[in-house]
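Colleague: Could you show me how to read the features of a model, giving the general idea before each case?

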Amino acid sequence: MAHLPADVRASLRLFAFYLANGTLDLDLLDGFDYRSTVFHSGSSLEQVFAIYTNVLEVDPDGNVLNEGDAQYRAAQWIRRCCDPTYRIEPPFQAWETELHGP
């Protein structure tokens with residue numbers, strides 16, 4: 001049985017920390033208390049993690065290549081939930097928001 005590479009595990013752990021701490025992408029989410037919105041329902045939290053993991057790129061050695069991009073795309077979705085006037089640029093592609101089954 002293979003495990004996720006250590007770099008991927010660290011990336012997921014830090015993403016969860018920033019998300020729970022209210023410090024995810026401070027430039028984009030400054031002034032928004034998004035935690036009540038995201039943690040209000042499991043489906044919102046599920047979507048945030050789906051976007052993050054769908055966008056996350058890992059090289060063949062298990063090194064994360066675009067942690068900042070993955071966090072930013074998840075933060076854009078959160079911002080749109082908190083601010084309906086916010087325009088996501090570029091718009092999400094279907095693969096970014098796809099929920100994969102077990």
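Modeller: Let us begin with contact, which means heavy atoms within 4.5 Å. Leaving out residues up to four places away in sequence, Ala 75 touches Leu 24, Asp 25, Leu 28 and Leu 29. This is a predicted model, in which local features need pLDDT of at least 70 and side-chain atom pairs count only at pLDDT 80 or more, while totals for chains, interfaces and linings use all residues. Residues are numbered from 1 along each chain as its sequence is written, and side-chain values use heavy atoms, with hydrogens and water left out.

Colleague: Where is Ala 75 found, and is Ala 75 buried or exposed?

Modeller: Helices (H or I, at least four residues) and strands (E, at least two) are DSSP runs numbered from the N terminus, and Ala 75 is found in helix H5. For accessibility, buried means under 20% relative accessible area, exposed over 50%, and partly exposed in between, with a 1.4 Å probe and protein chains only. Ala 75 has a relative accessible area of 0% and is therefore buried. Gly 42, by contrast, is in helix H4 and counts as exposed, because its relative accessible area is 57%. Between the C-alpha atoms of Gly 42 and Ala 75 there are 17 Å in space, with 33 residues in sequence, whereas Ala 75 and His 100 are 25 residues apart in sequence and 20 Å apart, again C-alpha to C-alpha.

Colleague: Which residues in H4 and H5 meet?

Modeller: On the H4 side they are Ser 44, Gln 47, Val 48, Ile 51, Tyr 52 and Val 55, and on the H5 side Glu 67, Asp 69, Ala 70, Gln 71, Arg 73, Ala 74, Trp 77 and Ile 78. In sorting such residues, Ala, Val, Leu, Ile, Met, Phe, Trp, Tyr, Cys and Pro count as nonpolar, Asp, Glu, Lys and Arg as charged, and the others, Gly among them, as polar. The contact of H4 with H5 divides into eight nonpolar, three polar and three charged residues.

Colleague: How does H1 pass H4, and which residues make the contact?

Modeller: The axes of H1 and H4 (residues 42-55) come within 12 Å and cross at roughly 140°, which means that H1 is oblique to H4. H1 passes H4 in a right-handed crossing. Ser 11, Leu 12, Phe 15, Ala 16 and Leu 19 of H1 make the contact with Leu 45, Val 48, Phe 49, Tyr 52 and Thr 53 of H4, and by class this contact has eight nonpolar, two polar and no charged residues.

Colleague: How many salt bridges are there?

Modeller: A salt bridge is a side-chain nitrogen of Lys or Arg within 4 Å of a carboxyl oxygen of Asp or Glu, and by this rule the count comes to four. One of them joins Asp 83 and Arg 79, whose closest N and O atoms are 3.3 Å apart, and both of these residues are buried. Another links Glu 89 to Arg 87, with 2.5 Å between the closest N and O atoms; here Glu 89 is partly exposed at 42% relative accessible area, and Arg 87 is exposed at 64%. Arg 35 and Asp 33 also meet in a salt bridge, at 3.7 Å from N to O.

Colleague: What should I look for in the backbone?

Modeller: Most residues other than glycine have a negative phi, and most peptide bonds are trans. The peptide bond from Glu 89 to Pro 90 is cis, with omega near -10°, and Pro 90 is placed in the loop between helix H5 (67-82) and helix H6 (94-97). Asp 25, in the loop between helix H1 (6-21) and helix H2 (26-29), has a positive phi, near 40°. Asp 25 is also among the residues that Ala 75 touches.

Note on methods
Axes fitted to C-alpha atoms, helices over the stretch in contact; angles between N-to-C directions. Parallel < 35°, antiparallel > 145°, perpendicular 65-115°, else oblique. Left-handed = near helix turned anticlockwise from the far one by under 90°.
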